[in-house]
Amino acid sequence: MAKQKKIDLEHMAEKEKMKYEIADELGLLDRVLNDGWRSLTAKETGRIGGLVTRRKRQAAEGQKER
């Protein structure tokens, strides 16, 4: 089992923060916090990556509309 470190979302890069938020929404955050990102399957990490990409794209489109 990996060492559990305290996650400080306030002092984290926006992309990293988004990964943790999406993991939480998918119900995977407890496993990530307890066992690390390596405990996730390729399908789960792909899903997180896809959602990160989608949100970044939506944010960029929102910037263009302003």
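A contact here means heavy atoms within 4.5 Å. With that in hand, let's look at how the chain meets itself: of the contacts in the protein with a separation of 6 or more, 47% are between residues 24 or more positions apart.

A word on the model. It is predicted, so local features need pLDDT of at least 70 and side-chain atom pairs count only at pLDDT 80 or more, while totals for chains, interfaces and linings use all residues. Residues are numbered from 1 along each chain as its sequence is written, and side-chain values use heavy atoms, with hydrogens and water left out.

Now the overall layout. The protein has 3 helices and 0 strands, where helices (H or I, at least four residues) and strands (E, at least two) are DSSP runs numbered from the N terminus. Along the principal axes, the C-alpha atoms fill a box of roughly 45 × 30 × 15 Å. Of the 66 residues, 20% are buried, with buried meaning under 20% relative accessible area, exposed over 50% and partly exposed in between (1.4 Å probe, protein chains only).

Glu 14, Glu 21, Asp 24 and Asp 30 form a negative patch. Such patches take residues with over 30% relative accessible area and no salt bridge, joining like charges within 9 Å and nonpolar side chains (Val, Leu, Ile, Met, Phe, Trp, Tyr) within 5 Å; a salt bridge is a side-chain nitrogen of Lys or Arg within 4 Å of a carboxyl oxygen of Asp or Glu. Helix 1, residues 14-25, gives the most to this patch, with 3 residues. Asp 24 sits in helix 1, and it counts as partly exposed because its relative accessibility is 47%.

Terms used: Areas by Shrake-Rupley, 256 points an atom, 1.4 Å probe, with all protein chains shown as cover. Lys, Arg positive; Asp, Glu negative; His and termini not counted. Charge placed at Lys NZ, Arg CZ, Asp CG, Glu CD.
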